[in-house]
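This report describes the fold elements of one protein chain and selected residues within it. Please consult the sequence and structure shown below while reading.

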Amino acid sequence: MQRIAVLGGGAWGTALAVHLARLGRDVTLWARDGALRSGRALHAAACVVSAIPSHGTRDVIRRARGLLPPEATVVSATKGLEVETLLRVSEVIEDELGSDRPIAVLSGPSFAAELARGAPTAVAVAGNCEATVAAVQREFRSGYFRLYATQDLVGVEIGGAMKNVIAIAAGAVESLGLGDNCPSALITRGLAEISRLASALGGQRETLAGLSGLGDLVLTCTGQLSRNRSVGIELGKGRPLEEILGKMRAVAEGVRTTEAALALGGRHGVELPITAQMADVLAGQKTPRVAVEELMLRRQRSEVEVE
């Protein structure tokens, strides 16, 4: 993987490109349509890292399809769900490129700015092919970047997508000034909610106790650099969603993921109470304070009960 193309010039794509260049890889960062149309970004690439926001992934991968070298590995670094189809991002990529293409997923607690400056970071890399996962581990690792292998694509991607929903809720709770007990309970029950959905889709609950589940959830719910937490904080102050998003330069994936996750839960008969409340808050149908009250007044049950 000496030659690597990174699709997506946002913070995460840029951070990965900086990291890979620091390792001595020949890196091309695509951030404009012109470079993709000409094929320069993908020429002779052994690996293509897709860091496109979830809502733009299908279009970019479709346009890149004819330019990809046949043996190139695709690494998805996007956390989200495709709203129209409810597919995970790796499924979107496979849908466009075919099942024969080696695909891996990179996910875990990793703020772009910290990786870019070489702060110690550990993530999970998932894939159905052990050789592909091992190759990504080998080629992406450094003294400050460590990758743990797993075959649980479902668990890793659902954890990466849904933690953004819970992070919006965590930001709102923080903004309301409800103390420390409330966010701790929210994160814990949020993890239970994520784990239920992942398990229903065929994922492993153990995965959600790891880096791409608990690790990423805690970081995104509490970290100062979390975009989704920031959206929640502003919602807690009473500001409308349109105004909040209008002032943001980066994408807060949790806003789109909320409705998609709720629909996915409905399709598989999985109750997602926090996600459902956040959907109402994002739609302007209730305030964050009312959402908290309704969550607290739900029927009490066993902590290990499958809801």
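## Basis of the description

A residue is called buried when its relative accessible area is under 20%, exposed when that area is over 50%, and partly exposed in between, using a 1.4 Å probe and protein chains only. The model is predicted, so local features need pLDDT of at least 70 and side-chain atom pairs count only at pLDDT 80 or more, whereas totals for chains, interfaces and linings use all residues. Residues are numbered from 1 along each chain as its sequence is written, and side-chain values use heavy atoms, with hydrogens and water left out.

Helices (H or I, at least four residues) and strands (E, at least two) are DSSP runs numbered from the N terminus.

## The seven-stranded sheet

The sheet is open and has seven strands in the order β2-β1-β3-β4-β5-β6-β7, with mixed pairing; two strands are taken to pair if DSSP finds at least two bridges between them. β2 (26-30) and β7 stand at the edges with a single partner strand each, so one side of each has no neighbour in the sheet. From one strand to the next, the twist averages 25°. Axes here are lines fitted to C-alpha atoms, for helices over the stretch in contact, and angles run from 0 to 180 degrees between N-to-C directions.

L7 has W30 as its bridge partner in β2. Strand β6 (residues 121-126) is mostly covered, with five of its six residues buried.

## Helices lying across the sheet

Helix α1 (residues 11-22) lies across β1, β2, β3 (47-50), β5 and β7, and runs at about 165° to β2. Helix α7 lies across β5, β6 and β7, running at about 40° to β5. Contact, here and below, means heavy atoms within 4.5 Å.

## Packing of α7 with α8

The axes of helix α7 (residues 153-176) and helix α8 (residues 181-200) come within 9 Å and cross at roughly 150°. The two helices are therefore roughly antiparallel; angles under 35 degrees count as roughly parallel, over 145 as roughly antiparallel, 65 to 115 as roughly perpendicular and the rest as oblique. The crossing of α7 with α8 is right-handed. A crossing is right-handed if the near helix is turned clockwise from the far one by less than a right angle, and left-handed if anticlockwise.

Residues of α7 in this contact include V154, I158, M162, I166 and V173, and those of α8 include L186, E193, I194 and L197. By class, the contact of α7 with α8 has 13 nonpolar, three polar and two charged residues. Ala, Val, Leu, Ile, Met, Phe, Trp, Tyr, Cys and Pro count as nonpolar, Asp, Glu, Lys and Arg as charged, and the others, Gly among them, as polar.

## Packing of α14 with α15

Helix α14 (residues 273-282) packs against helix α15 (residues 288-296) at an angle of about 155°, with their axes 9 Å apart. α14 and α15 are therefore also roughly antiparallel to each other, and their crossing is right-handed. P273, I274, Q277 and V281 of α14 meet P288, A291, E294 and L295 of α15. This contact comprises six nonpolar residues, one polar and one charged.

E193, found in helix α8, counts as buried at 1% relative accessibility. Leaving aside residues up to four places away in sequence, E193 touches M162, E271, L272, P273, I274 and T275. The C-alpha atoms of E193 and E271 are separated by 7.9 Å, although these residues are 78 residues apart along the chain.

S76 lies in strand β4 (residues 73-76) and is buried, with a relative accessible area of 0%. Apart from residues up to four places away in sequence, S76 touches S50, V89, I93, A104, V105 and L106. S142, in the loop between α6 (130-140) and β7, is buried as well, with a relative accessible area of 16%. Beyond its neighbours within four places in sequence, S142 is in contact with H19 and L23.
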